[in-house]
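Follow this walk through the model with the coordinates open. Begin with pairs of charged side chains, then turn to strands and surface.

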Amino acid sequence: MLQIEHVTKRYGKTVANDDISFSVESGQIAVLLGPNGAGKSTIIKSIAGLLRFQGKVTLDGHANKSLEAKRILGYIPEMPAVYDLLTVSEHLEFMRRAYRMEDDGYGETLLRRFELWEKRDKLGKELSKGMQQKLSICCALVHRPKVIIFDEPMVGLDPHAIKELKDLFRELKAEGAALLISTHMIDSVEDYWDVTHIMKDGKFAATKHNTSEELQSQSLEELFFAITESQVAE
């Protein structure tokens with residue numbers, strides 16, 4: 001569903017992503033795990049079409065910047081970007097119109113799940129950062145995308161919203177969506193991931209699958225700290 005092939009991104013002489021290749025299949029949750037500065041957000045933004053890069057990214061066989069790819073993509077950025085003068089309800093209406101969708105009630109369902117329904121008439125600028133993050137999630141999902149990428153989705157969320165988001169991850173997976181989640185918080189992904197790529201210096205330092213054999217040999221936490229602590233030691 002989501003295919004990344006030999007993606008390299010440079011900022012001047014700095015290589016933020018160095019020849020990265022991986023895929024996320026339908027019904028799979030893949031995680032990018034790594035410390036700040038490892039290159040996670042850069043590859044996420046490249047997939048979303050926000051950065052120029054060398055290499056190839058396709059969604060269901062379509063180039064990531066094509067209209068066909070954008071129709072099936074949902075993107076939740078690390079920093080929520082809402083419109084100051086649109087209400088919560090108007091945000092979802094704007095997204096539905098952008099995707100030429102009729103209101104099927106899913107937007108209301110999302111707002112209720114994330115405790116925003118009572119805030120539906122509030123302007124974007126009147127929302128707290130946590131509420132803006134929840135609204136950003138709702139906006140990205142209202143058109144029922146097949147490929148969904150999250151950049152540090154738990155930051156700023158209250159415990160109820162974190163629980164709902166984790167439940168939603170599992171539901172979207174069961175419905176056949178391909179999910180890619182970038183984070184530096186191990187405990188936020190420990191109970192639902194299928195494959196985790198640990199990043200260091202713009203590359204994949206290790207890839208771990210959620211199987212009993214691999215987890216018995218070394219836990220995700222042990223592998224993560226073995227890589228990141230060796231980075232500090234160097």
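Start with Arg113 and Glu164, whose side chains form a salt bridge, 2.9 Å from N to O. The model is a predicted one. Arg113 belongs to helix H4 (residues 106-113) and Glu164 to helix H6 (residues 159-174), so this contact ties together parts that are 51 residues apart in sequence. Are these two residues buried or exposed? Arg113 has a relative accessibility of 18%. The cut-off for buried is under 20%, so Arg113 counts as buried. Glu164 is buried as well, with a relative accessible area of 14%.

Arg113 has another partner. Its side chain also meets that of Glu171 in a salt bridge, at 2.7 Å from N to O. Glu171 lies in helix H6 and Arg113 in helix H4, so the pair links parts 58 residues apart in sequence. Glu171 counts as partly exposed, at 33% relative accessibility. Side chains of opposite charge can pair when their charged atoms come close.

Helix H6 takes part in a further contact, through Lys173. The side chains of Lys173 and Asp194 meet in a salt bridge of 2.8 Å, N to O. Where does Asp194 lie? Asp194 is in the loop between strand S8 (178-183) and strand S9 (195-200), while Lys173 is in helix H6, so the pair ties together parts that are 21 residues apart in sequence. Asp194 counts as partly exposed at 21% relative accessibility. Lys173 counts as partly exposed too, at 28%. How many salt bridges does a search of the whole structure find? The search finds 12.

Now turn to the strands. Four of them form an open sheet, in the order S2-S1-S4-S5, with antiparallel pairing. Which strands are at the edges? They are strand S2 (14-24) and strand S5 (62-63), each of which pairs on one side only.

Seven bridges join S1 to S2, and the two run antiparallel. S1 and S2 form a hairpin with two residues between the strands. In this hairpin, Gly12 takes a positive phi near 65 degrees.

S1 also pairs with strand S4 (residues 54-59). Five bridges join S1 and S4, which run antiparallel. Thr8 has Gln54 as its bridge partner in S4. When viewing the strands, keep one rule in mind. In a regular strand the side chains alternate between the two faces of the sheet.

Finish at the surface. Which residues gather in a patch of negative charge there? They are Asp187, Glu190, Glu221 and Glu222. Residues of such a patch have no salt bridge, so the patch stands apart from the pairs described above. Take Glu222 as the example. Glu222 lies in helix H8 (residues 220-233). Its relative accessible area is 48%, so Glu222 is partly exposed.

Definitions and conventions:
Residues numbered from 1 in each chain as written. Predicted model: local features only at pLDDT ≥ 70, side-chain atom pairs only at ≥ 80, totals over all residues. Heavy atoms only, no water. Patch = residues over 30% accessible without salt bridge, like charges linked within 9 Å, V, L, I, M, F, W, Y side chains within 5 Å. Areas by Shrake-Rupley, 256 points an atom, 1.4 Å probe, with all protein chains shown as cover. Salt bridge = Lys/Arg side-chain N within 4 Å of Asp/Glu carboxyl O. Lys, Arg positive; Asp, Glu negative; His and termini not counted. Charge placed at Lys NZ, Arg CZ, Asp CG, Glu CD. Helix = DSSP H or I, 4+ residues; strand = E, 2+ residues; numbered from the N terminus. Buried < 20%, exposed > 50% of the residue type's maximum accessible area, 1.4 Å probe, protein only. Pairing = 2+ DSSP bridges.
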